[in-house]
Amino acid sequence: MASEFDKDLVYEGCNFLRQRLILSCLSGRKVKISNIRANEERPGVLEHEMNLIRLFDQLCNGAKLEVSRSGTCFTFIPGILLGGTFTHTCEPSRGIGYYLEPLMMLAPFCKKPLHITLKGITNCNSDVSVDQLRYSLLPLLRKFMEREEEVSLIVVKRGLPPCSSGVVEFTCPVRKSFKPFTWVDQGQVKKIRGMCFTRRVAPVVGNRMIDMVKKYAHRYLTDVYFVLDNAKGPAPGFGISLNCITTTGTIYTGEALTCQEMGSASTEAGAKPNVEDRRLMSPEDVGELAVCQLLQEIKRGGVVDGTCQTAALLFMALTPRDVSKIMLGPLTTQSMYMLRHIRDFLKVKFKIEPETREDEDDSDEDDSQEPKNKRRKTGCEKLLLTCVGSGFTNFNQMHM
C-alpha cells in the first residue's frame, strides 16, 4: 500500500511557486502545477519563473521538468541538492532577492558547500532587496548553522532598474541537521543601524535621508549609526535600509528606495527593456517611509521580522522529532501559505495559540522588583507556534 509521501502533489495557479519548489526539493516529492494564467492574455509560465526553475535545476542533480505545449502546466521532479560553485544571471524583470531568498533556505542541505554568484538587479520596489536579506535572513541562517564565519553575503556591485548590473556572492556550508529550539523572548530595542546608497544623484541626497531618519530615531534611542554608499552607476536612484537590534539579538528591518521601474511586460531577447519613467521621490520622503516600515515591524514584534517568518517556520519543521517553539507577530500571507505547504509536503502541523501575558499588578510595586520574565504589553498580539519536527536529515552531505 502506497504511503502518503508517494502521492504526487497537485496545485493550481502560479502563486507561491518558490515555496512549492523549495519543499519539493527538500521532501523529494514530485509536484504538478496546472492552470498557470490560463485565462490571461499571456498564459503560461513567465520568463522570470522559468529562470527560477532553471536555477533550481542548476542547483539539483537529476531534476526533471515536464512542461505542457501551452505552457500552462508543468511537472517538477526534484533531484539531489548538489550545491557547488556556479554563476546565475537573473531575469531583469525581478530582483536578485527573488532568487536569493529560496537559495538561502536550501543551501544548508546541499551535498557540497554552496558558493553562488548572482547577477541582476539588487534593489527594486517589487522584491525584497539584497540589503534587507543581509540584515534579517542572513543572521537567522547563521544562528541555525552555528558557523557564522562561513556564511556570507557580499554585494560586489549594486544594480538598479532598468540596468541589471548588480553582482552578489553568497556562500554557505552544509549541515546534517538542525537542533530543536525555543525562541519566545524578543527583547527590547537597543540600537539602530542602517546603510544608505545613492546612484547618479548628488551626494547630499544621502545625508538628507539620514537626517530625516535620525529626526525620528533620536526620539527613542541615541545609539544610531549609518553607512553611506555614494557611487556612480548606469541608472539613477537612492534608498536606505534600516535594522534595529534588541537585547536578545532579535533583528527588525525596514527599507525604502526610489528608482526607475521596469515595465510589467517582459521583452524579447536583444530588445530594450520597457521602462516606465517617473520622477523620483524626495530624500525626506524615502527616509520617512523607511522609518515607518521599521516601526511597523517593531510593532509586529516576534523573535523574527516579517521577512524571516517563512524561513523560521521551514527550519522549525526540519528539526529532529522534538518540540520546538517560536513566538511571532501577526502572520504574513507568505507565512500562512508556508504552514499549509509544510503540512502538505512534510506532514508537519503547527499548534498556534495566542501568547499568554501576565496581568499588570495594581499595587505600587517598584519597577526594579518586577520579575525578569515579565514582558511589556507592547505592539500587536503575539502568537506562540509549536510543532514536532519532521526528523529531516541531510544524507547528501559530503563528509570531508
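Visitor: Which residue forms a salt bridge with Arg300?
Guide: This is a predicted model, and its closest N and O atoms for this pair are 3.7 Å apart. The cut-off for a salt bridge is 4 Å. The partner of Arg300 is Glu297.

Visitor: Where do Arg300 and Glu297 lie?
Guide: Arg300 and Glu297 are three residues apart, about one turn of the helix. An α-helix has 3.6 residues a turn, so residues three or four places apart point the same way. Both Arg300 and Glu297 lie in helix H7, residues 283-300.

Visitor: Are Arg300 and Glu297 buried or exposed?
Guide: Buried means under 20% relative accessible area. Arg300 and Glu297 are both buried.

Visitor: Which residues do salt bridges that share partners join into one network?
Guide: One of the pairs is Asp229 with Arg199, at 3.1 Å from N to O. This pair links distant parts of the chain, 30 residues apart, with Asp229 in strand S13 (residues 224-231) and Arg199 in strand S12 (residues 189-199). The network consists of Asp131, Arg134, Arg158, Arg199 and Asp229.

Visitor: What parts of the chain does the pair of Glu146 and Lys179 tie together?
Guide: Glu146 and Lys179 form a salt bridge, with the closest N and O atoms 3.8 Å apart. The parts that the pair ties together are 33 residues apart in sequence. They are the loop between helix H5 (137-145) and strand S9 (152-157), which holds Glu146, and the loop between strand S10 (166-172) and strand S11 (182-183), which holds Lys179.

Visitor: What is the relative accessible area of Lys179?
Guide: Glu146 is partly exposed at 47%. Lys179 is exposed, and exposed means over 50%. The value for Lys179 is 52%.

Visitor: Within what arc do the buried residues of H6 fall?
Guide: Helix H6 covers residues 204-217, and its buried residues include Val205, Met209, Met212 and Tyr216. Seen down the axis, the buried residues of H6 line one face of the helix, because they fall within an arc of 160°.

Visitor: What covers the buried residues of H6?
Guide: The buried residues of H6 include Gly206, Ile210, Val213 and Ala217. Their cover includes S12, S13, strand S14 (237-246) and H7.

Note on methods
Residues are numbered from 1 along each chain as its sequence is written. This is a predicted model: local features need pLDDT of at least 70, side-chain atom pairs count only at pLDDT 80 or more; totals for chains, interfaces and linings use all residues. Side-chain values use heavy atoms; hydrogens and water are left out. A salt bridge is a side-chain nitrogen of Lys or Arg within 4 Å of a carboxyl oxygen of Asp or Glu. Helices (H or I, at least four residues) and strands (E, at least two) are DSSP runs, numbered from the N terminus. Buried means under 20% relative accessible area, exposed over 50%, partly exposed in between (1.4 Å probe, protein chains only). The expected span of a helix is 1.5 Å times one less than its number of residues. The arc is that of the directions from the helix axis to the C-beta atoms. Contact means heavy atoms within 4.5 Å.
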